[in-house]
Amino acid sequence: MGAPEEWQVSCRDIASRRRDMTVFVSQGHIVVTVPPGEAAVLTPLEVGRLRAALRDAVVSASHAET
């Protein structure tokens, strides 16, 4: 089985409520969803997780194109 096509990254909204961002691949494109109507506030560790999720999504999208 291949790499996962969806990644969850924890964050907080502007009111400090726990939320999740989602990174996924759709038709060779990278899609990032954030809490609806909110800004995503990330700690340095969460930014690292977002970076890793984006990197994995790019690899997955690249494989889908070949």
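Predicted model: local features only at pLDDT ≥ 70, side-chain atom pairs only at ≥ 80, totals over all residues.
# Questions about the model

Q: What pattern does the protein chain follow along the sequence?
A: Helices (H or I, at least four residues) and strands (E, at least two) are DSSP runs, numbered from the N terminus. By that count the protein chain has 1 helix and 3 strands. Read along the sequence, the order is β-β-β-α.

Q: What share of the accessible surface of the protein chain belongs to carbon and sulfur atoms?
A: Accessible areas come from the Shrake-Rupley method with a 1.4 Å probe, and for residues only the protein chains shown count as cover. The total for the protein chain is about 4600 Å², while buried residues make up 23% of its 66 residues. Of the accessible surface, the share belonging to carbon and sulfur atoms is 57%.

Q: Which residues does Ala53 contact, leaving aside neighbours within four places in sequence?
A: Ala53 is also found in helix α1, and at 5% relative accessibility Ala53 counts as buried. Contact here means heavy atoms within 4.5 Å. Leaving out the sequence neighbours, the partners of Ala53 are Trp7, Val9 and Val23.

Q: How far is Glu46 from Arg18, the nearest side chain of opposite charge?
A: Glu46 lies in helix α1, which covers residues 44–65, and is in contact with Val9, Ser10, Cys11 and Val41 once neighbours within four places are set aside. For charge, Lys and Arg count as positive and Asp and Glu as negative, with His and the chain ends not counted. Glu46 is buried yet has no salt bridge. The distance to Arg18 is 5.4 Å.

Q: How many salt bridges does the count come to?
A: Side chains of opposite charge can pair when their charged atoms come close. The rule used is a side-chain nitrogen of Lys or Arg within 4 Å of a carboxyl oxygen of Asp or Glu. One that qualifies is Asp56 with Arg55, whose closest N and O atoms are 3.7 Å apart. By this rule the total is 4.

Q: How far apart in sequence are the parts that Glu38 and Arg17 tie together?
A: Glu38 and Arg17 form a salt bridge, with the closest N and O atoms 3.0 Å apart. Glu38 lies in the loop between β3 and α1 and Arg17 in the loop between β1 and β2, so the pair ties together parts separated in sequence by 21 residues.

Q: Which residues are linked in a network of salt bridges?
A: Arg19 and Asp13 form a salt bridge at 3.4 Å between the closest N and O atoms. Asp13 is buried, with a relative accessible area of 1%, whereas Arg19 is partly exposed at 33%. The network links Asp13, Arg17, Arg19 and Glu38.

Q: What is the phi of Ser16 near?
A: Most residues other than glycine have a negative phi. Ser16, in the loop between β1 (6–12) and β2 (18–26), has a positive one. Its phi is near 70 degrees.

Q: What is the relative accessibility of Gln27?
A: Gln27 lies in the loop between β2 and β3 (29–33), and has a positive phi of about 50 degrees although it is not a glycine. Gln27 counts as exposed because its relative accessibility is 76%.

Note on methods. Residues numbered from 1 in each chain as written. Heavy atoms only, no water. Buried < 20%, exposed > 50% of the residue type's maximum accessible area, 1.4 Å probe, protein only.
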